[in-house]
Amino acid sequence: MRLRYVTMEGGQVRPQWNVPGEIRAVTEESDTRGRCGEADTFMDTGRRPLWQEEPAARPRMADPVRTAAVRAVIIVALTLIQAMVAFLCTLAASWFAFPAVLCTVASTVVATWAVLDVWVTRQVWVQRNGVQSQPSSTARELRRERRRARRQRRRESREGPSHSPRAAA
């Protein structure tokens, strides 16, 4: 949402929030409330909503990739906490310093594996599912037309030239 200034009849200039279409559709319905319970007139009062809804810059990650990424973030966070505990125990000359350092080294190996797992999972997902392109490419459409023509030729060669209206369609 962006603030813009609108010139009213009579030359008055007043601020108005430029609301995206999906929020506008909800708030412009008569006698209804918006998503957050604000009245229809929230744009007229000049109040600013608590948050701004903007479209996502990138498409959402695939579910397996997102799961691996969340797992990796949690493991890396725990590894950093362990490293800090090991460092502070070492400074304090505590008996727990040596086991903490060993656990931190092991966790670093696991965290590295988790981050690589995100990359590998993403590569596997892209390889299996491919990149979805919108609109379809020209080459793909040409392949479809060639396939249709081949099927049509095979049908005609098996059945002989047919003069029924179904074969013409």
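**Notebook: helices H2 and H3**

I began with how the two helices meet: H2 passes H3 in a left-handed crossing. A reminder to myself that I am looking at a predicted model.

Next I looked up the axes. Those of H2 and H3 come within 8 Å and cross at roughly 160°. That makes H2 roughly antiparallel to H3, because an angle over 145 degrees counts that way.

H3 takes in residues 97-129, which is 33 residues. At 1.5 Å a residue I should get a span of 48 Å, and the end C-alpha atoms sit 47 Å apart, so the two values agree. Just past the end of H3 I found Gly130, with a positive phi of about 75°.

Which residues of H3 are buried? My list reads Ala97, Ala100, Thr104, Ser107, Ala111, Ala114, Asp117 and Thr121. I recall that an α-helix has 3.6 residues a turn, so residues three or four places apart point the same way. I also wanted to know what covers the buried residues of H3, and helix H2 (63-91) is part of the cover.

Ser107 is in helix H3. Is Ser107 buried or exposed? Its relative accessibility is 16%, so Ser107 goes down as buried, because the cut-off for buried is under 20%. What does Ser107 touch, once I set aside its neighbours within four places in sequence? I noted contacts with Thr79 and Gln82.

How far is Ala77 from Ala111? In sequence they are 34 residues apart, and in space 9.0 Å, going C-alpha to C-alpha. Ala111 is on my list of buried H3 residues.

Last, the cysteines. How many disulfides does the structure hold? I found 0. Cys89 has a relative accessible area of 15%, so I wrote it down as buried. Cys103 comes out at 41%, so I have it as partly exposed.

Key. Residues are numbered from 1 along each chain as its sequence is written. This is a predicted model: local features need pLDDT of at least 70, side-chain atom pairs count only at pLDDT 80 or more; totals for chains, interfaces and linings use all residues. Side-chain values use heavy atoms; hydrogens and water are left out. A disulfide is a pair of cysteine sulfur atoms within 2.5 Å. Buried means under 20% relative accessible area, exposed over 50%, partly exposed in between (1.4 Å probe, protein chains only). Helices (H or I, at least four residues) and strands (E, at least two) are DSSP runs, numbered from the N terminus. The expected span of a helix is 1.5 Å times one less than its number of residues. Contact means heavy atoms within 4.5 Å. Axes are lines fitted to C-alpha atoms, for helices over the stretch in contact, and angles run from 0 to 180 degrees between N-to-C directions. Angles under 35 degrees count as roughly parallel, over 145 as roughly antiparallel, 65 to 115 as roughly perpendicular and the rest as oblique. A crossing is left-handed if the near helix is turned anticlockwise from the far one by less than a right angle, and right-handed if clockwise.
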